[in-house]
Amino acid sequence: MALRFIAKDPNTNGENCPTVWVDEEKGEFVIQGWKADEATQAECLTVGPIPDTETVLRLPVRMTGVLREACDAAERANLR
């Protein structure tokens with residue numbers, strides 16, 4: 001696996017915090033975030049099921065720049 005580290009949440013202590021990578025081999029984003037609570041999951045379920053192979057997670061809006069950076073890195077690597 002070729003994960004390209006993008007960044008951790010800049011407003012945390014650097015441990016156990018939301019993190020974003022790009023998997024250049026699979027053409028996917030890999031995101032570590034906070035587990036969504038039951039109320040959030042229930043609201044997400046109103047538009048469809050959450051398969052056992054997926055999860056709902058949360059990232060702070062302050063990480064918008066990190067997500068843009070990950071998107072830019074994926075584009076530069078010509079991942080589709």
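I take a contact to mean heavy atoms within 4.5 Å. On that basis I looked up the contacts of the protein chain with a separation of 6 or more, and 44% of them join residues 24 or more positions apart.

**Basis.** I note that this is a predicted model, in which local features need pLDDT of at least 70, side-chain atom pairs count only at pLDDT 80 or more, and totals for chains, interfaces and linings use all residues. Residues are numbered from 1 along each chain as its sequence is written, and side-chain values use heavy atoms, with hydrogens and water left out.

**Overall layout.** I counted two helices and five strands in the protein chain, taking helices (H or I, at least four residues) and strands (E, at least two) as DSSP runs numbered from the N terminus. Along the sequence I read the pattern β-β-β-β-α-β-α. The C-alpha atoms fill a box of roughly 35 × 30 × 20 Å, taken along the principal axes. Of the 80 residues, 25% are buried, where buried means under 20% relative accessible area (1.4 Å probe, protein chains only).

I found an open, antiparallel sheet of three strands in the order 1-2-3; two strands pair if DSSP finds at least two bridges between them. Strand 1 (3-8) and strand 3 (28-32) are the edge strands, each pairing on one side only. Neighbouring strands of this sheet are turned by 20° against each other on average, direction ignored.

**Strand 2 and its partners.** I followed strand 2 (residues 19-23) to strand 1, with which it pairs in the antiparallel sense over five bridges. Among the bridge partners are Leu 3 with Asp 23 and Lys 8 with Thr 19. Strand 2 is also joined to strand 3 by five bridges, again antiparallel, and there Asp 23 has Glu 28 as its bridge partner. In the hairpin of strand 2 and strand 3, I noted four residues between the strands and a positive phi near 70° at Gly 27.

Which way do the residues of strand 2 point? Thr 19, Trp 21 and Asp 23 point one way, Val 20 and Val 22 the other way, and all are buried. I recall that side chains in a regular strand alternate between the two faces of the sheet.

**Helix 2.** I traced helix 2 (residues 64-76) across strand 1, strand 2 and strand 3, running at about 160° to strand 1. Axes here are lines fitted to C-alpha atoms, for helices over the stretch in contact, and angles run from 0 to 180 degrees between N-to-C directions.

Note on methods:
Buried means under 20% relative accessible area, exposed over 50%, partly exposed in between (1.4 Å probe, protein chains only).
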